[in-house]
Number of protein chains: 2
Amino acid sequence: MINKLPSLAQLCKNLQQVPFLASKNLYKVATYFLTTDDEKVQRFCTALLEARNNIITCSQCCVWQEKNKKCIFCSDPRRDKTIICVVETWQELLSIETTDGYKGLYHVLGGAICPLDGIGPEDLSIDTLLTRLTPEIKEIILATNQTPEGEATAAFIARKLKNNVVVSCLARGIPVGSNLELMDKLTVYKALSERRPF
Amino acid sequence: MINKLPSLAQLCKNLQQVPFLASKNLYKVATYFLTTDDEKVQRFCTALLEARNNIITCSQCCVWQEKNKKCIFCSDPRRDKTIICVVETWQELLSIETTDGYKGLYHVLGGAICPLDGIGPEDLSIDTLLTRLTPEIKEIILATNQTPEGEATAAFIARKLKNNVVVSCLARGIPVGSNLELMDKLTVYKALSERRPF
């Protein structure tokens, strides 16, 4: 039926390319766009094109920044310029920022090394990170995800950084509020072997 | 952090209004739109605005149709004009169409009666359905969902149609390929009480 309505088919085809839209939800999203106010759709398109136009990545830390403005992290005088937290994507950066517990700089890699997906170290901003290693930098926190890809990426970067700087990574253990009984055994093992003084 | 980048904040705010985008996925979708080809984003916006412009609902059956073209169901001479299948939304229509087992007309209600959500019979296209009840129509299939809302809607329409036409609804029972053991007891009960000759 959709193929007989070219405009609808075109909309569905374009929605299909958006990640994280399951095909069942796709039709519901198409319905939303077809039935909502004209103004909202117009605003959606404007916001999309404007973001495309105005948002670039900082040449230093690779975090999004507004074109013609300074990077909100690199140019912030209140941030500690001696420590860099390395994350895979800006989503992880957001998680860390919401804790309000870190006031240093960031470095967004743009993903993790994953040979199966054809992502090698040269596809990430590792070289840019190495150029940032001035004597001013005292510590690099490797805050990649606790996945095989994230850990491989952290190991790769740690090898490159060796001896030049203090390299640390996030603590592994039992999440706050959770139950030992429900945790997988590797997490319990890590929490046990990496135990801390009370 | 997002609030310091107005273009990005605007994009996220607009994405937030799209249904079926969990807030965690929202940032991934924003990343997709910020990193994909310019051409793709342009095409996406064009498709969206064109669909808004060209797709309207058929005044008779309330299914999407291209503006300036005839409804692909109402105007199809090969379709049986004596039977109308009533569905909640066009997604259900698509499910029925993929079976290739129905060649009659459709009627899209635009939802189901749900007092908790403030959706009453007057918000659905039930009146339009009643105006379609010419003597030519021999049967109405109530193919609303098997949810409390869907069944209430079917019951409401059935009461309105009473005595004027044959009213049927979809068979209830065990889905093909599934296991009695895994079914909920209401479905097993319905399958048993509405059993058919072998």
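Colleague: What covers the buried residues of α1(B)?
Modeller: In this predicted model, the buried residues of α1(B) are B:Ser7, B:Leu8, B:Leu11 and B:Leu15. Both chains contribute to what covers them, and the cover includes α2 of chain B. From chain A it includes α3 (38–54), β1 (55–57) and β2 (64–66).

Colleague: Why are the buried residues of α1(B) on the same side of the helix?
Modeller: The residues concerned are B:Ser7, B:Leu8, B:Leu11 and B:Leu15. An α-helix has 3.6 residues a turn, so residues three or four places apart point the same way.

Colleague: Which element of chain B gives the most to the side that touches chain A?
Modeller: On that side, 43 residues of chain B are in contact with 42 residues of chain A. At least two residues each come from α1 (6–16), α2 (23–35), α3 (38–54), β2 (64–66) and α4 (90–99) of chain B. By class, the side of chain B that touches chain A has 24 nonpolar, ten polar and nine charged residues. With 13 residues, the element that gives the most is α3(B).

Colleague: Is A:Leu21 buried, partly exposed or exposed?
Modeller: A:Leu21 sits in the loop between α1 (6–16) and α2 (23–35) of chain A. Leaving aside residues up to four places away in sequence, A:Leu21 touches A:Leu15, A:Leu26 and A:Val29. A residue counts as buried if 20 or more other C-beta atoms lie within 10 Å of its own. A:Leu21 has 19 within 10 Å, so A:Leu21 is partly exposed.

Technical notes:
Residues numbered from 1 in each chain as written. Chains lettered and ligands numbered in written order. Predicted model: local features only at pLDDT ≥ 70, side-chain atom pairs only at ≥ 80, totals over all residues. Contact = placed C-beta atoms within 7 Å. Helix = DSSP H or I, 4+ residues; strand = E, 2+ residues; numbered from the N terminus. Nonpolar A, V, L, I, M, F, W, Y, C, P; charged D, E, K, R; others polar. Buried ≥ 20, exposed ≤ 12 C-beta atoms within 10 Å, placed from the backbone.
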